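Subject: Handover of a structure

Dear colleague,

Please find below the structure that I am handing over to you. My notes on what was found in it follow directly after.

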Amino acid sequence: MKKILLLTCMLLLTIGSTAGKDKSKDPVHIVSTRMDVFYFKVDKAFLGAQLEIYSAEGVQLHSEKITRRKVLIDFYYEDAGKFIICFTKEGVKREFNFIKDKPCLEARNAGPSIKIEQGV
């Protein structure tokens, strides 16, 4: 009787330990989307992915290669609106929508209005 109970427990432990490995992990994890900032973290396997930012009309605003795991996109100087953030690597594509509600209250000199910092 003890052998049957022991074998049953071992079988349940084996099934339970392999069940979690079948779940696919999302390579991009959103950390925060507050205060005109989109802050995310990518898995190590997703380093080298292409980051592209589009306006709601489909115009590409920025393109950059992901070289660090933690990346912050600052939309503060951009006009209010909807943005589409795309990550692409080896056929895997993830898209996120970011909506900026309030317009920028400061005037900014000519230059990029979307600031991206990697490794923060």
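Two rings of Phe, Tyr or Trp are counted as an aromatic pair if their centres lie within 6.5 Å. A search of the whole structure, which is a predicted model, finds eight such aromatic pairs.

One of these pairs is formed by Phe 40 and Phe 87, with 4.7 Å from centre to centre and 70° between the planes, an edge-to-face arrangement. Phe 40 belongs to strand β2 and Phe 87 to strand β6, so their pairing ties together parts that are 47 residues apart in sequence. Phe 40 is buried, with a relative accessibility of 0%, and Phe 87 is likewise buried at 0%.

A further edge-to-face pair consists of Tyr 76 and Tyr 77, at 4.9 Å centre to centre and with 85° between the planes. Tyr 76 is partly exposed, with a relative accessible area of 27%, and Tyr 77 is also partly exposed, at 30%.

Which residues do ring pairs link into a cluster? They are Phe 38, Phe 40, Phe 75, Phe 83, Phe 87, Phe 96 and Phe 98.

Several of these names return in the nonpolar core. The largest such core has 19 residues, and those touching the most other members are Phe 38, Phe 40, Ile 66, Ile 73, Phe 75, Ile 85 and Phe 87. Two or more residues of this core come from each of β2 (37–42), β3 (50–55), β5 (70–74), β6 (81–89) and β7 (92–100). Leaving aside residues up to four places away in sequence, Phe 40 touches Val 28, His 29, Ile 30, Val 31, Ile 66, Arg 69, Lys 70, Val 71, Ile 73 and Phe 87.

Turning to the strands, an open sheet is built from four of them in the order β1-β2-β5-β8, with antiparallel pairing. At its edges stand β1 and β8 (115–118); each has a single partner strand, so one side of each is left without a neighbour in the sheet. On average, neighbouring strands of this sheet are turned by 25° against each other, direction ignored. Within the sheet, β2 and β5 run antiparallel and are joined by five bridges. Tyr 39 stands opposite Leu 72 of β5.

Strand β3 also holds Ser 55. Is this residue, Ser 55, buried or exposed? Because its relative accessibility of 8% is under the 20% limit, Ser 55 counts as buried. Its contacts, again without residues up to four places away in sequence, are Leu 61, Lys 82, Phe 83 and Ile 84.

Most residues other than glycine have a negative phi. Met 35, although not a glycine, has a positive phi of about 55°. Met 35 is placed in the loop between β1 (28–32) and β2, and is exposed, with a relative accessible area of 71%. Glu 90 is not a glycine either, and has a positive phi of about 45°. The loop that holds Glu 90 lies between β6 and β7, and Glu 90 is exposed, at a relative accessible area of 75%.

With kind regards

Key: Residues are numbered from 1 along each chain as its sequence is written. This is a predicted model: local features need pLDDT of at least 70, side-chain atom pairs count only at pLDDT 80 or more; totals for chains, interfaces and linings use all residues. Side-chain values use heavy atoms; hydrogens and water are left out. A nonpolar core is a set of buried Ala, Val, Leu, Ile, Met, Phe, Trp, Tyr and Cys residues joined through side-chain atoms within 4.5 Å. Buried means under 20% relative accessible area, exposed over 50%, partly exposed in between (1.4 Å probe, protein chains only). Helices (H or I, at least four residues) and strands (E, at least two) are DSSP runs, numbered from the N terminus. Contact means heavy atoms within 4.5 Å. Two strands pair if DSSP finds at least two bridges between them. Axes are lines fitted to C-alpha atoms, for helices over the stretch in contact, and angles run from 0 to 180 degrees between N-to-C directions. Rings of Phe, Tyr and Trp (its six-membered ring) pair if their centres lie within 6.5 Å; planes under 30 degrees apart count as stacked, over 60 as edge-to-face and the rest as tilted.
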